[in-house]
Amino acid sequence: MSNVMWFESYWEGMKPEVGGKAASLGEMTGAGLPVPPGFTITTEARREYLAQGSAPGALRGQVAMALRQLEASTLSIQARVSPRPR
């Protein structure tokens with residue numbers, strides 16, 4: 001199971017798995033409101049982090065991969081909106 005959840009993949013009832021703020025962002029994304037692309041870590045991953053004092057084994061890799069995907073998505077959006085980077 002992944003420790004990372006994208007806002008766009010949220011479905012009703014996931015609030016206990018991702019927390020209230022992430023659930024709200026997921027609901028707004030699903031409703032078609034303008035929410036920037038993003039992700040959250042699960043509440044279970046957060047609990048493990050607090051208990052161990054460090055990130056659970058797979059979490060670092062999953063977050064790194066999600067950040068790369070988010071960066072690629074953001075750059076793609078920027079390229080469509082602005083023909084040249086500033």
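Mentor: Start with arginine 47, which counts as partly exposed at 49% relative accessibility. Partly exposed sits between buried, under 20% relative accessible area, and exposed, over 50% (1.4 Å probe, protein chains only). Bear in mind that this is a predicted model, where local features need pLDDT of at least 70, side-chain atom pairs count only at pLDDT 80 or more, and totals for chains, interfaces and linings use all residues. Residues are numbered from 1 along each chain as its sequence is written, and side-chain values use heavy atoms, leaving out hydrogens and water.

Trainee: Okay, what does the side chain of arginine 47 meet in a salt bridge?
Mentor: Glutamate 44, at 3.6 Å, N to O. A salt bridge here is a side-chain nitrogen of Lys or Arg within 4 Å of a carboxyl oxygen of Asp or Glu.

Trainee: Switching topic: is threonine 43 buried or exposed?
Mentor: Threonine 43 is buried, with a relative accessible area of 18%. That residue lies in helix 3, residues 43-52.

Trainee: What is threonine 43 in contact with?
Mentor: Leaving aside neighbours within four places in sequence, Pro16, Glu17, Val18 and Gly19. Contact means heavy atoms within 4.5 Å.

Note on methods:
Helices (H or I, at least four residues) and strands (E, at least two) are DSSP runs, numbered from the N terminus.
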